[in-house]
Amino acid sequence: MSGEDAPAQQQNAEEQKQQQQQQETKTPAESPKTESKPDPPPSSASTEAAAAAADTPAPAAEKAPEEDTFSYRALVLTGYGGYDKVKLQVKKGKPALKSGEVMVRVKMCGLNFADLMARQGLYDRLPSPPVTPGMECSGIIEAVGEDVTDRKVGDKVLVLNRSGMWQEVVVVATTHTFLMPEGMSFEEAAALPVNYITAYLMLFDFGHLRPTQSVLIHMAAGGVGIAATQLCKTVNDVTVFGTASASKHEVISQGGVTHPIDYRTRDYVEEIRKISPKGLDIVLDPLGGSDTHKGYNLLKPMGKLISYGAANMLAGQKKNLFAVAKTWYQQFSVHTLSLIQGNRSVCGFHLGYLDSETELIAQAMAAVMDLYRQGKIKPRIDSTYHLEQVGDAMRRMQERNNIGKIILTTEPMKEEEKKEEVKKDEEKKKDDKKKDDKKKEDKKKDDVKKEEKKEEKKKEEAKKDDKKAEEKKEEAKKEEN
C-alpha cells in the first residue's frame, strides 16, 4: 500500500501573478519562504520591511479555502500486473462540478470480473494507468452542480460509471445515479448495478426468456450468476442449470438453481444432455474459448448463446476484449452456413460498452428496482473488505472462492484491524517461508535420492561389466583348453 499523495490542484492565474510580483521585489540573496498561503494573498513586503515591523503583531492568517484542504482516499491502478499494482493513495483538492453533475460521498464499492481483467491490462474500457478502477458504488450526494433538479444533497444513490468508483468521493453525471429504494443497504446498492443490469438485459432483451424454457448459467455462485438465477425465478417454470464447485451447490440450489453441476469433476455437457436431451433455450457464457463452442452445441433450435465475458483468459491468453471479439467473429463467420441451418443465434454483451445508452440503462434499472421493492430479487453479499484490503478481495474473486458479491467499504480500517492485518501478513510470510524451506528440503532429499540411485546404478553396471569380463576370461580359458 502506498501513502504517496496525488498532485494537488493548481493555483489560479491571479494567485500565480501575485506570487510573481512578490518574487520580483526580493533581493537576489533572499529565499522564498515555504508556508501555507492565506486567502486573500499576503502583501508583497520585502524582508527588510518585515524586519522593521517585527514589533508589530502580524494579522492572523485566515483559514485556507476548502478547495485547498479537501482530500480523499482512492485506489489507483499504477500499472498492469499483480494485486500489488492497485495502491491506496490520497488525492488532494475538491473536485469541480460541471453542469448536470453531482458529487457523491462513497460508502461502498462493487468488485467485478472486469476489474480483475483491467488490472492485467485485458480491459480496454479502462484508461491507461495511473487510473482509479471501479464501475459501481453507493453513497450520499454531497453537492450538486448547476441545472440539477432531480437530485439534492442528502439523497442516497447507487452509481454506475465506466470507471473511477473506487474512491471516497466521486463526481458523475446525474444520469449515472439512481435513487436507492427504501430499506436498501449501501452494500446491496453497490452490489446491484453491474450484475443485475447485465443479467436483466441478457435474459429479457437478448434472451426473451419465457415460461418453461431452460437456461445454463456458468459461474452460478458469482455476482452475475446469482442475479441471473433470481431473475429466472421471476418467470414461471424456468429450468436453471448452474455450474459451480461442489461446496457451493447447497447455496445455489436454495437460490433457485434446478440442476447444480460440479464443473471440476464432471463434464457439464454430458450432465445436461442426460437431463435435457433436446438441449437448452439460453446459454449465458462468461467463460469464452472452448466453452463458447460447447454452449453453442447445447442450444435447441431457436436457442441463444449470449457471450458476456472471457474468464478463461485470466489463466490463459493475454488478449483484450476487442481481440477476443474479433477472434470469435472470425470463428463463427467460417460457420455461417451451419449457423443458418442450426437455427441458433449467438450474441455478445458487455455493459461497459453501453455507458452512452443512458435511456436503455435507466429502463433496465427501473425494472430491477421494481423487482427489488417486490422482494423478488436481493443481492447476496459474499464478503466486505476495506480499501486497504483490495488485494485480498481481488484474490478471493480470481480464485473463485466467493458466493455472491464482493464489496469494498470506504470506511478506514481501525488500528486494531490494521494490527491484525500486520500479524496475518507476518504469519503468511512465515508460512510461505516454511513452505519454501520445506520445498528446498524436499528437493535436497530428492537430489540425494537421485544421486544414490545413480551411484547404485553405476555399481550395478560395474558389477555387470565385471561379470562380463569374468565370462570372457572363462570363455578364453575354455578355448585355450
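The dialogue below walks through some features of a predicted model.

Colleague: Let us start with charge pairs. How many salt bridges does a search of the whole structure find?

Modeller: The general idea is that side chains of opposite charge can pair when their charged atoms come close. In this predicted model, the search of the whole structure gives 17 salt bridges.

Colleague: Take Glu168. With which residue does Glu168 form a salt bridge, and how far apart are the closest N and O atoms?

Modeller: The partner is Arg73, and the closest N and O atoms are 2.9 Å apart. This pair links distant parts of the chain, 95 residues apart. Glu168 sits in the loop between β5 (156-160) and β6 (169-173), while Arg73 belongs to strand β1 (residues 71-77).

Colleague: Are Glu168 and Arg73 buried or exposed?

Modeller: Both Glu168 and Arg73 are buried. They also belong to a network of salt bridges in which Arg73, Glu168 and Glu388 are linked.

Colleague: What does the salt bridge of Asp355 look like?

Modeller: Asp355 pairs with Arg162, with 2.8 Å between the closest N and O atoms. Asp355 has a relative accessibility of 24% and counts as partly exposed. Arg162, at 34%, also counts as partly exposed.

Colleague: And Asp392 with Arg395: how far apart are the two in helix α14?

Modeller: Asp392 and Arg395 are three residues apart in helix α14 (residues 390-398), which puts about one helical turn between them. Their closest N and O atoms are 3.1 Å apart. Asp392 is partly exposed at 33% relative accessibility, and Arg395 is partly exposed at 28%.

Colleague: Now the aromatic rings. How should I read a pair, and how many aromatic pairs are counted?

Modeller: A pair of aromatic rings is described by two values, the distance between the centres and the angle between the planes. Here the count is three aromatic pairs. In one of them, the ring centres of Tyr200 and Phe204 are 4.9 Å apart and the planes meet at 50°, so this pair is tilted. Tyr200 and Phe204 both lie in helix α6 (residues 193-206), four residues apart, or about one turn of the helix. Tyr200 counts as buried, with a relative accessibility of 18%.

Colleague: Why is the pair of Phe206 and Phe349 edge-to-face?

Modeller: The planes of Phe206 and Phe349 are at 90°, so the pair is edge-to-face; the ring centres are 6.4 Å apart. The pair links distant parts of the chain, with Phe206 in helix α6 and Phe349 in the loop between β13 (345-348) and α13 (358-373), 143 residues apart. Phe206 is partly exposed at 31%, whereas Phe349 is buried at 10%.

Colleague: What about charges on the surface? Which residues gather in a patch of positive charge?

Modeller: The positive patch gathers Lys445, Lys449, Lys450 and Lys453. Lys449 is in helix α15 (residues 415-480) and is exposed, with a relative accessible area of 52%.

Colleague: Which residues form the negative surface patch?

Modeller: Its members include Glu452, Glu456, Asp465, Asp466 and Glu480. Glu480 is in helix α15 and is exposed, with a relative accessible area of 68%.

Colleague: Next, the backbone. Is the peptide bond from Pro129 to Pro130 cis or trans?

Modeller: The bond from Pro129 to Pro130 is cis, with omega near 0°. Pro130 is placed in the loop between α4 (113-119) and β4 (136-144).

Colleague: What is phi of Thr212, and what is phi of Met302?

Modeller: Phi of Thr212 is near 70°, a positive value in a residue other than glycine. Thr212 lies in the loop between α6 and β8 (214-217) and counts as exposed at 61% relative accessibility. For Met302, phi is near 75°, again positive in a residue other than glycine. Met302 is in strand β12 (residues 299-307) and counts as exposed at 61%.

Colleague: One last item. How far apart are Leu97 and Glu146 in sequence and in space?

Modeller: Leu97 and Glu146 are separated by 49 residues in sequence and by 8.2 Å in space, C-alpha to C-alpha. Leu97 is found in the loop between β2 (86-92) and β3 (101-110) and is partly exposed at 30% relative accessibility.

Terms used
Residues are numbered from 1 along each chain as its sequence is written. This is a predicted model: local features need pLDDT of at least 70, side-chain atom pairs count only at pLDDT 80 or more; totals for chains, interfaces and linings use all residues. Side-chain values use heavy atoms; hydrogens and water are left out. Patches are made of residues with over 30% relative accessible area and no salt bridge: like charges are joined within 9 Å, nonpolar side chains (Val, Leu, Ile, Met, Phe, Trp, Tyr) within 5 Å. Accessible areas come from the Shrake-Rupley method with a 1.4 Å probe; for residues, only the protein chains shown count as cover. A salt bridge is a side-chain nitrogen of Lys or Arg within 4 Å of a carboxyl oxygen of Asp or Glu. Lys and Arg count as positive and Asp and Glu as negative; His and the chain ends are not counted. The place of a charge is taken as NZ of Lys, CZ of Arg, CG of Asp or CD of Glu. Buried means under 20% relative accessible area, exposed over 50%, partly exposed in between (1.4 Å probe, protein chains only). Rings of Phe, Tyr and Trp (its six-membered ring) pair if their centres lie within 6.5 Å; planes under 30 degrees apart count as stacked, over 60 as edge-to-face and the rest as tilted.
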